[in-house]
Amino acid sequence: MTEADFSPAALSEEVEIPESISGLEPVRSVRTPIRLVYDFVPSPSVQEYLRSYSERKILGHRSPVDGAVFVPPRGVDPRHGVLIEESVELSDRGHVGNFCVTHLPIPGRDDLDTPYVSAWIHLDGANVGFLGLVAGCDNDEVHIGMRVQAVWKEQEELGNTAENILYWKPTGEPSVPIEKAGNRAWDRTNE
Amino acid sequence: MNLQFLSKKLVIAHGIEQMNKTNSFRDVAVVSVASHQTKILSEVNEVQLMANLISKCRNSIGVTQEEIGFTCSGSSDFLAGQAFSFVHTLDSVGAFPPISESHVEMDGAFALYEAWVKLQIGEVDTALVYSYGKPSAGSIIDVLATQLDPYYVAPLWPDCFSLAALQARLLLEKGLTTFERMSEIAMRSQNNGFDNPNAVRTSKDISLENLMNEPVIVDPLRTSDISEIADGGCAVILAAEDKAKSLCERPAWIKGIDHRIDSHSLGVRDLTGSPSAFLAAEKAGRNSDRLDLAEIHGMTSAQELILEKEFSLSEKTHINLSGGALAADTMMASGLIRIAEVASRIMSGQMDRGLAHATSGPCLQQNLVCILEGK
Amino acid sequence: MSELEKPLRAELTVEYPFTRTTGKVIGAFMTGLREKRLFGIKRSDGSILVPPLEYDPVSSEPLTEMVEVSQNGIVETWTWIDPPRPQSPWDTPHALALIRLDGSDTSMLHAVLVDSPSDMRTGMRVTANWKEERIGHIADLEGFVKETKEADS
């Protein structure tokens, strides 16, 4: 190897462009799109969850190690790497563990009016939360610990899909104190 | 593959060569393996599959995740159709309290190499390596086209079997092999795999005539010349020195491990051979003693023949007793499974010394060789 | 889940637009395609590399001298693609081959447009066929066809 300056600019200056094309506008980039299609088949635990969801039932998974409940169910307790076989039906009420007010529209969701509130919904009886939309009140009213309930789609619109719940609305019940709100699965492990 | 990457590998390879000369390597062994392959994984998802395999692998030698020093996995987001898909699979490890972990977007055999290097550094004494793939969910032949030269080749979307067919035709037309020889390899795979619960395509009594009369599906390759794509996964535990001896009665010691890569440009290579496979085997120490068995990772019968030549495998070496990738080929795991197959036969006392091989890239472009030995 | 229920499934599509910058060497090759010309690059040992790369695959030295190569060449190996992949430039079955153009010492991958595998032979001579509209892309080449004995106009 020589001790030439190997910066990209220096190297490319040395390339001899053939005379037949040297006066022409050079190609500087190439479009190379890719599109891959998958046939996604969820695991039996997720299938069971989706089918129950179409009946307005929310299933969680209970860990055989310490009874912690995970929702949505994935068939495994992620803290211990053990399979979970026990399903438990959860209520569709809970509280806001954390939230964020979004002001920018996102691609593919023209139905979402900005600003909207994304929240971590902690259902009664579950140890972890999941992402949900909070609506049915002023965005300013949303707070950690706020009690919420699911607003489901009409019967004929239900399907095997996460879209069955339109949003979570406040119930007006007394809020969960901030020290007791949010993710408790980790606390259990440290007990 | 750009040249910067290649030169980094040359530097690492040189470093390892220096260590080899001064014999300052730590003895590292495979002490536990678990694997599963099936045509289509339907009862469980990849996370549940791996939770089972990883638990089995740890429990069989009585180690907990807390005792594992380093975890490294191999898998492909493009295969799963999801960015960071491997993070979901960490659920199967039980990664809490937080673990020291790494991932390669490659076959698990290369994750094993990274774990081996980590053990050489001396900071940890045990490592968990795992890999998996669920090709049934997507179109693997299109997924693999995306690894090719993005300007000149990938926009033509050549599938992996067609490229392998180009290679096979060269061998046939240059007189380096025959259809009959290729069918013999296919027959060997189906016979050998018969007793392997992981093998998908097996037969105790398929004849050479049956095989040679099969339809040509990717000219000139017949059905059984091409690997049987399968879902599955594999988990392996490595341990160093005394730790290995305390965990396993007869560890499968890694006597040498090396990997090399040829140019990514198909037209530059002589596809009738694989210089990187030859070099990896040489550097791993293939020549220093006899080989009882070899597990070689070829996607076609023609590729197995190329590897037999590059590794100078004689009739004394049992080749692909598992059936090889022709019997069950799980993208991202087939290479690690080859290592697991050799290791388990050594640990059981069945064999003493073996060569395990893993490949990556089109037409045997990149190759890893691992020599394992019992005491 | 009862055994009678078919498993739920959903089509999942992952799409990426990707526009890649070419740099001078690959850019020149692509410009050549747009102009119906084929270029290679001279390697450290004097041999010609087609398609051109920025660095020598063996010596890793930067390469700078580009040369034009012929539109004609020979098929070094081939296979048959049927059916064509959905995203490939072709709609009908065709051969996929490594073609070494006259003047080049390495081969390039592209299609040979013939009706059936029985029309293909290793060693056959082929010539480039170009698309009417070209933008500077490997698919500006429609493919290669059997070289005829008459000179092209």
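Mentor: Keep in mind that this is a predicted model. Strand 2 of chain A pairs with strand 1 (residues 10–16) of chain C, in the antiparallel sense and over seven bridges.

Trainee: Ok, take A:Phe40. Which residue in strand 1 of chain C is its bridge partner?
Mentor: C:Ala10 is the bridge partner of A:Phe40.

Trainee: And the whole contact, how many residues does it take from chain A and from chain C?
Mentor: 32 residues from chain A and 37 residues from chain C. On the chain A side, the elements giving two or more residues are helix 1 (8–13), helix 2 (19–22), strand 1 (29–31), strand 2 and helix 3 (44–53).

Trainee: Which of those gives the largest share?
Mentor: Strand 2 of chain A, with seven residues.

Trainee: What about the classes of residue on that side?
Mentor: The side of chain A that touches chain C has 19 nonpolar, six polar and seven charged residues.

Trainee: Switching to chain B. How many residues are in contact there?
Mentor: 21 residues of chain A are in contact with 27 residues of chain B. Two or more residues on the chain A side come from strand 2 (34–40) and from strand 6 (82–83).

Trainee: Which element gives the most to that side?
Mentor: Strand 2 of chain A, with six residues on the side that touches chain B.

Trainee: And by class?
Mentor: Twelve nonpolar, six polar and three charged residues make up the side of chain A that touches chain B.

Note on methods:
Residues numbered from 1 in each chain as written. Chains lettered and ligands numbered in written order. Predicted model: local features only at pLDDT ≥ 70, side-chain atom pairs only at ≥ 80, totals over all residues. Contact = placed C-beta atoms within 7 Å. Helix = DSSP H or I, 4+ residues; strand = E, 2+ residues; numbered from the N terminus. Nonpolar A, V, L, I, M, F, W, Y, C, P; charged D, E, K, R; others polar. Pairing = 2+ DSSP bridges.
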